[in-house]
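Hello,

Here is the structure we talked about going through. Please open it alongside this note; what I found follows below.

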Protein chains: 2
Amino acid sequence: MPRVTDHPERRAAFAEAAIDAIGVQGIEALRLRDVAARADATTGALTHYFDGKDELLKAALDTIMERLLAWMDAVPGPEAGAEAILDGIAAGLPVGPEEARDWRVWLAFWGRAVASEALRDAHRAHYDRIVARLVADGFDETSADALIAAVDGIGTRATMDPELWPAERQRATLARLVRPLLP
Amino acid sequence: MPRVTDHPERRAAFAEAAIDAIGVQGIEALRLRDVAARADATTGALTHYFDGKDELLKAALDTIMERLLAWMDAVPGPEAGAEAILDGIAAGLPVGPEEARDWRVWLAFWGRAVASEALRDAHRAHYDRIVARLVADGFDETSADALIAAVDGIGTRATMDPELWPAERQRATLARLVRPLLP
């Protein structure tokens, strides 16, 4: 439950600072005081908003998930044609510095979720929303699963090996996997 | 450089113990003494073989990579037909408890590799071997990338949400993505 003195903008700024920090140093080495410093705040101010590391991480995951859903909203519908849809999907892959940072955080979460049922639950709830969106767009469930798997697999590889995975290689791999699923 | 008193079987046993431990508790909480206890050894015996956590993790990653290459060797050639090839590929997804444990370790590595260039280098070297194998089998490079991305994406989702991702759902998603790539 939010405390009465909470300011949503302040929470959001701390979540963004956590995303920046995780993207550089990973989750394991993350310290609350580093995140606070990135947000020009004291550790005390940060812990007023978040009870601990896991709650801060959850807020960072939620922030990234909101961006992911906004990205899906920007993908054009079937009338735009397969290439425009592919371009729209490719825009959410780690093709630029901000997307690459979000993907690094994403991978860091997966790693931590291995040992955290709470993080896996949050992850499942987000993916359920994505599947529901794709099904509403006319994909059957297997095609929705396939599309998500293609994006996750390409994004993971490009995040692990950014120098060898420029945007063109990600787009070509995406097209090879996803074009047969498109109208 | 291996020390003169090294025994490969002992190293391998420690690596397997590390895989078991990471599969349960993740990497962050992993302690050398837990791994030693799982291998019925002292922490001193373990540190005789591995200089620290990262070296032990690297051995665990190598072990999983060897299993992954053995799995690829068991996938039949084009003469077997698309369904037999799909069955062979699906056998390496997290469809049973041992594969699921290896996948949990895999995700934990990705998470840690975000902040470790050495782990990313090891990862890249392994994936280069997989691509080379697929190209030798007749796939072009984009199809090889696509096949790897499909497996990684499906394996990740099934690892994060094992109850909702039985073997049949993994196999169906794999078929949807990979059948168009097969002869």
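The side chains of B:Arg112 and A:Glu28 meet in a salt bridge, at 2.6 Å from N to O. A salt bridge here is a side-chain nitrogen of Lys or Arg within 4 Å of a carboxyl oxygen of Asp or Glu. Between chain A and chain B the count is 14 salt bridges.

This is a predicted model, in which local features need pLDDT of at least 70, side-chain atom pairs count only at pLDDT 80 or more, and totals for chains, interfaces and linings use all residues. Residues are numbered from 1 along each chain as its sequence is written, chains are lettered from A and ligands numbered from 1 in the order in which they are written, and side-chain values use heavy atoms, with hydrogens and water left out.

**The interface**

Contact (heavy atoms within 4.5 Å) links 48 residues of chain A with 48 residues of chain B. The two chains bury about 3,700 Å² between them, 63% of it on carbon and sulfur atoms. That area is the accessible area (1.4 Å probe) that the two parts lose on being put together, summed over both. A:Arg157, A:Met160 and A:Arg176 supply 19% of what chain A buries against chain B, more than any other three residues.

**The symmetry**

A rotation of 180° with 0.0 Å of shift along its axis superposes chain A on chain B, with an RMSD of 0.0 Å. The same surface serves both: 100% of the contact residues of chain A recur in chain B.

**The core**

Which residues touch the most other members of the largest nonpolar core? They are A:Leu177 and B:Leu177, in a core of 132 residues. Such a core is a set of buried Ala, Val, Leu, Ile, Met, Phe, Trp, Tyr and Cys residues joined through side-chain atoms within 4.5 Å. Buried means under 20% relative accessible area, exposed over 50%, and partly exposed in between (1.4 Å probe, protein chains only). Not counting residues up to four places away in sequence, B:Leu177 touches several residues, including A:Leu177, A:Leu181 and B:Ile154.

**One backbone detail**

A:Asp40 is not a glycine, yet its phi is positive, near 55°. A:Asp40 is exposed, with a relative accessible area of 73%. B:Asp40 also has a positive phi, of about 55°, and is exposed at 73%.

Best wishes

Definitions and conventions: Copies are superposed by least squares on the C-alpha atoms of residues with pLDDT of at least 70 in both.
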